[in-house]
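Dear colleague,

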Amino acid sequence: MEKVMMKLGGLTCPSCLTKIQKSVESVDGTADVKVLFNAGKVKFTLDPAKTSTDTVQENIEKMGYVVQGVKTKEL
């Protein structure tokens, strides 16, 4: 398992938070999703055997948001 933090751009309103959270949660292999609106970040736990950070990033970018950086840490 990995702890992932993605820095996001394009967050303009609090409803963005809900859209991003639901999108990340819909990816099999993600858990504990938290979107920090004021910080412009999304944090979650990822199972690399089921999915990748690239898959999650593509989901977020398909909605029109920009992923400016990704940090991962093994648990």
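**Strand 1 and the sheet**

Strand 1 and strand 3 run antiparallel and are joined by 6 bridges. Helices (H or I, at least four residues) and strands (E, at least two) are DSSP runs, numbered from the N terminus, and two strands pair if DSSP finds at least two bridges between them. Please note that this is a predicted model, in which local features need pLDDT of at least 70, side-chain atom pairs count only at pLDDT 80 or more, and totals for chains, interfaces and linings use all residues. Residues are numbered from 1 along each chain as its sequence is written, and side-chain values use heavy atoms, with hydrogens and water left out.

In strand 4, Thr 72 is the bridge partner of Val 4, and Val 66 is that of Gly 9.

Taken as a whole, the open sheet has 4 strands in the order 2-3-1-4, with antiparallel pairing. Strand 2 (30-36) and strand 4 (66-74) each have a single partner strand and stand at the edges, so one side of each is left without a neighbour in the sheet. On average, neighbouring strands are turned by 15° against each other, direction ignored; axes are lines fitted to C-alpha atoms, for helices over the stretch in contact, and angles run from 0 to 180 degrees between N-to-C directions.

Helix 1 (residues 14-25) packs on the sheet and touches strand 1, strand 2 and strand 3 (41-46), where contact means heavy atoms within 4.5 Å. The direction of helix 1 makes about 165° with that of strand 2.

**Buried residues and the core**

Strand 1 is largely enclosed by the rest of the structure, because 6 of its 8 residues are buried (buried means under 20% relative accessible area, exposed over 50%, partly exposed in between, with a 1.4 Å probe and protein chains only).

The largest nonpolar core has 17 residues, and those with the most contacts inside it are Met 6, Ile 20, Val 42, Phe 44 and Ile 60. Such a core is a set of buried Ala, Val, Leu, Ile, Met, Phe, Trp, Tyr and Cys residues joined through side-chain atoms within 4.5 Å. Strand 1, helix 1, strand 2, strand 3 and helix 2 each give two or more residues to this core. Leaving aside neighbours within four places in sequence, Val 42 is in contact with residues including Val 4, Met 6, Ile 20, Val 33 and Ile 60.

Thr 53 belongs to helix 2 (residues 53-62) and counts as buried, at 18% relative accessibility. Beyond its neighbours within four places in sequence, Thr 53 is in contact with Val 4, Met 6, Leu 46, Val 70 and Thr 72.

Glu 25 lies in helix 1 and is partly exposed, with a relative accessible area of 42%. Not counting residues up to four places away in sequence, Glu 25 touches Thr 30 and Val 33.

Ala 39 is found in the loop between strand 2 and strand 3 and is partly exposed, with a relative accessible area of 33%. Ala 39 and Lys 7 are 32 residues apart in sequence, and their C-alpha atoms are 8.3 Å apart in space.

Yours sincerely
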